[in-house]
Amino acid sequence: MDKSLHGKKWEIHKFGGTSVADSSCFLRVANIIEDRLGITNSSHSTSSFPSSSFPEEKKEESKDLNLGIVVSAMGGKPKVTDLLLNAVTAASQRQSDDLESYLSLVESKHINCLSTLPLDSSTSTALITKMKNDLQDIRDILRTVSLLKWNASRISDLVAGYGETWSAQILCALLSHRSSLTEHTFLYLDARRVITVNEEKDGKSFFVEWNMSQEKLQKVYEQDVLSSIGKEKKVHFVITGFV
């Protein structure tokens, strides 16, 4: 637990791809988070994770707790990250049909998930529109890859990183919808706004600029929380798990 961000207690929870493989998995994650924060809402079932899943002393701690919820791309079969990386490979080999097949699977996997989550239609539509726009950006990137027959690791990292942005936004929307009548606010945070990475001299490895990253996090908190929401609400960040 860290109190360095405006004196708040922070606790980090990490959910891998298997934990957000489909809509039922997203709902289980939401139950876990709500249980940790002591959020009770009779309109949402928490039978999979009853309130006893956390010890009583942990429940007492939750009263002053802020969470950082780190989310991977959707897992299961097929994994979104694998599909995106396969799309990059297909582009580098000028296999346009395979490329479109991989991206279509990415799109349908997210749309199927969103269609079975208890979100209002405007939120689902906005998330789908954002994802489709991102997929078009990916196509534009991969057009260059195809022209150059170039499969650079940084291109792969850039494209693969989209998966985390979609799953984090979906979870954030779900938690926000379910907690709309509580004192809790969930905010989406793209880790690339905060984490600063530099190359080692060998050009093959990287290191995190922790001081710079901490300064950026402070600015994000001041901009997104203090200026927009204030101190009254308990704010939690849903964060992408890939930089």
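Biologist: Is Lys132 buried or exposed, or does it fall in between?

Modeller: The model is predicted, so local features need pLDDT of at least 70 and side-chain atom pairs count only at pLDDT 80 or more, while totals for chains, interfaces and linings use all residues. Side-chain values use heavy atoms, without hydrogens and water, and residues are numbered from 1 along each chain as its sequence is written. Buried means under 20% relative accessible area and exposed over 50%, with partly exposed in between (1.4 Å probe, protein chains only). At 40% relative accessibility, Lys132 is therefore partly exposed.

Biologist: With which residue does Lys132 meet in a salt bridge?

Modeller: A salt bridge is a side-chain nitrogen of Lys or Arg within 4 Å of a carboxyl oxygen of Asp or Glu. At 3.8 Å from N to O, the partner of Lys132 is Glu107.

Biologist: How many residues apart in sequence are the parts that Glu100 and Arg139 tie together?

Modeller: The closest N and O atoms of this salt bridge are 2.9 Å apart. Glu100 lies in helix α4 (residues 96–115) and Arg139 in helix α5 (residues 121–148), so the separation of the parts in sequence is 39 residues. Helices here are DSSP runs (H or I, at least four residues), numbered from the N terminus.

Biologist: How many salt bridges are found in the whole structure?

Modeller: One of them joins Arg143 and Asp140. The search of the whole structure gives a total of nine.

Methods
Helices (H or I, at least four residues) and strands (E, at least two) are DSSP runs, numbered from the N terminus.
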